[in-house]
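Have a look at it first, then work through each task and its solution.

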Amino acid sequence: MSRNAVILGGGQCKWGIREAHIMDLFQEAGKVCLDDIPGLKPADIDGLIVATSYAGRCSFQVNTAPVVAERLGLKPTSICTRCDTLCAGGSTGIILAKGLVESGNADIVMVTGGEKLYTPQKWEIFYSELASVDHDWEATHGMGLPPPFFSLTAQEHMIHYGTKKEDLAAVSVANYNYAAENPVAQMQKRLTLEEAMSAPSVVPPLTLYDCCPITDGAAACIITTDEIAKKYTNRPLVYLRGCAQVSLSSLSVNFPGEHLADWKHMRVAAEKAYKRAKVSPSDVKVAQTHDCFTISEVIEVEELGFCKKGEGGAFCSSKQIEIGGKVPVNTDGGLLAVGHPFGATGIRQGVEIMKQLQGRARNQVKGADIGLTHNLSGANAEHTILIYGIEPVK
Amino acid sequence: MPVVGIPILDNLYPVSMDLWPVEAKEFNKVWPFYENLRQGRFTTTKCKDCGHIAFPPRGVICPACYSENLEYVDLPKKGKVVVLSEEVKGVPLGYESPLIHAVIEFDGPVKRMISKIVNCPVGALKRGDEVQFVVFDVPPMPIEKGKAGTITAERVFFAFEPVNK
């Protein structure tokens with residue numbers, strides 16, 4: 001009988017500027033995760049994947065997985081490793097766990113991710129972000145912090161497709177309002193279109209609410225097989241139907257699209273993931289996409305096939321990304337409002353899709369049976385997509 | 001001056017905090033690129049077997065055919081601005097305000113790249129304007145050379161600037 005990977009449970013700790021050590025954050029997330037699955041004991045977990053990119057720089061801790069295992073009381077016998085794909089680390093961990101449990105090389109894997117980015121002096125993370133792009137060829141041009149890159153991307157989208165600042169603002173309004181009552185979000189406030197339109201400038205045309213914050217935080221989830229999951233839960237099973245991770249270049253000089261707003265690598269990732277999951281874009285009822293910037297979400301709804309290329313701005317400003325719209329996107333608040341501790345983000349997204357498909361999300365999409373998560377990493381160097389469903393692929 | 005909180009790092013060079021490349025021959029096989037920069041040349045590697053031109057330059061192999069038979073060729077030093085971003089506030093440590101970036105289009109083997117724009121006030125440059133290659137000095141770094149002691153390795157880097165009309 002084939003083994004089908006499911007996400008059994010999970011959660012995140014409070015995200016924001018946290019007065020805590022990175023290992024405190026991993027402990028908090030581990031507790032939330034196990035509290036979500038009554039009956040699951042640390043001793044039942046035979047694998048651990050830890051997604052973190054900045055533990056090595058900001059916490060002076062490489063080979064992070066055994067340290068996290070120790071702090072969480074885990075004694076992994078199948079896998080115990082760290083993975084670093086920056087913003088997609090959590091999703092990458094879930095993809096790897098899927099392969100391990102489906103192949104029979106692991107049974108119950110905890111995938112956790114976390115970052116402690118705010119150091120005692122705040123300059124350091126802004127400086128250390130020089131490591132997030134090609135150090136010698138892009139960081140040297142001052143492209144470590146992403147707003148300039150996404151400013152260029154937004155301008156290209158405006159030039160080629162007529163997208164307006166109001167379209168970008170509509171994304172921040174939708175995502176902030178999704179998070180307004182999310183107690184673990186970094187930003188918990190309602191936002192009006194007027195506030196978003198009159199916010200202080202970051203790098204034109206991007207203003208304050210167009211950019212996700214820098215965030216401390218962690219998240220954790222459990223990936224296992226459907227047969228094992230049935231021993232621990234009566235909730236609907238949420239299957240990992242398909243996935244893809246695509247990198248066609250790591251540098252703007254070799255960017256794969258016609259221009260910066262044409263994300264060919266994301267289209268390839270979407271095609272592969274849909275094919276493997278045996279679904280089409282019109283089957284997706286809810287999505288968590290990588291809204292590191294508002295312009296990212298505008299382009300992502302296009303490249304995922306929720307609307308035509310170039311119509312992402314109108315799709316977002318006509319409320320198609322809100323509850324009742326064509327595909328509600330970032331229903332817990334996304335990176336813009338929940339925050340973005342790089343390695344934890346993909347797990348946060350997977351947990352929100354799991355809750356949506358189990359009918360227990362805060363902003364519930366009625367009848368959600370297929371959900372999708374997406375990350376981009378670095379200066380648009382890589383795209384990672386996972387598709388979840390309440391039935392396995394047949 | 002001692003490093004605050006870590007006095008043992010006084011007068012030491014931590015490469016893990018250096019925003020510039022380690023360009024020296026002893027640590028980097030694309031060192032000829034930086035030597036060429038010093039002579040005002042903007043170059044990259046071309047494969048002598050398959051003809052593929054890669055940017056950034058490759059130190060060991062051609063990414064298209066894996067041949068090790070590479071040579072340096074010159075790239076155009078002028079290009080046109082496609083779009084540009086101007087960051088005035090919140091410029092990261094190590095850079096001066098305004099921090100300007102542009103997507104630059106070239107008539108050559110490398111079609112487009114994003115570069116820092118220097119010697120340019122906010123609002124001076126626009127889409128379609130011509131920019132030119134410029135080389136500048138960056139801080140030198142120490143290299144320990146055994147019995148010869150510590151030498152100082154000079155370093156340079158490049159950006160683009162507006163072409164004065």
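**Exercise 1. Find which residue with a positive phi follows H4(A), and describe that helix.**

Step 1. Helices (H or I, at least four residues) and strands (E, at least two) are DSSP runs, numbered from the N terminus. Before going on, note that this is a predicted model, in which local features need pLDDT of at least 70, side-chain atom pairs count only at pLDDT 80 or more, and totals for chains, interfaces and linings use all residues. Residues are numbered from 1 along each chain as its sequence is written, while chains are lettered from A and ligands numbered from 1 in the order in which they are written.

Step 2. Check the length of the helix.

Step 3. Look at burial. A residue is buried if 20 or more other C-beta atoms lie within 10 Å of its own, exposed if 12 or fewer, and partly exposed in between, with C-beta atoms placed from the backbone. H4(A) is largely enclosed by the rest of the structure, because 12 of its 14 residues are buried. Among them are A:Gly89, A:Ile94, A:Leu96 and A:Val101.

**Exercise 2. Work out how the domains of chain A meet.**

Step 1. Name the parts: domain 1 covers 5-122 + 215-229, and domain 2 covers 143-210 + 241-389. Such bounds come from an automatic or database domain assignment. Taken over C-alpha atoms, the two domain centres in chain A are 23 Å apart.

Step 2. Count the contact, where two residues are in contact if their C-beta atoms, placed from the backbone, lie within 7 Å. Domain 1 of chain A brings 36 residues and domain 2 of chain A brings 30 residues.

Step 3. Ask which elements supply the domain 1 side. Strand E1 (5-12), helix H4 (89-102), strand E4 (109-115) and strand E7 (217-225) of chain A each give two or more residues. The largest share, 7 residues, is from H4(A).

Step 4. Sort this side of domain 1 by class: there are 16 nonpolar, 16 polar and 4 charged residues. Here Ala, Val, Leu, Ile, Met, Phe, Trp, Tyr, Cys and Pro count as nonpolar, Asp, Glu, Lys and Arg as charged, and the others, Gly among them, as polar.

**Exercise 3. Describe the contact between chains A and B.**

Step 1. Chain B and chain A contribute 25 residues each.

Step 2. On the chain B side, at least two residues come from each of strand E4 (78-87), strand E5 (99-105), strand E6 (112-117) and strand E8 (150-162). E6(B) gives the most, 5 residues.

Step 3. By class, the chain B side holds 16 nonpolar, 5 polar and 4 charged residues.

**Exercise 4. Is A:Asn380 buried or exposed, and what about B:Asn11?**

Step 1. A:Asn380 has a positive phi near 60 degrees, and its loop runs between strand E10 (370-377) and strand E11 (382-389) of chain A. A:Asn380 is buried because it has 26 C-beta neighbours inside 10 Å.

Step 2. B:Asn11 also has a positive phi, about 70 degrees, and sits in the segment before helix H1 (31-38) of chain B. With 8 C-beta neighbours inside 10 Å, B:Asn11 is exposed.
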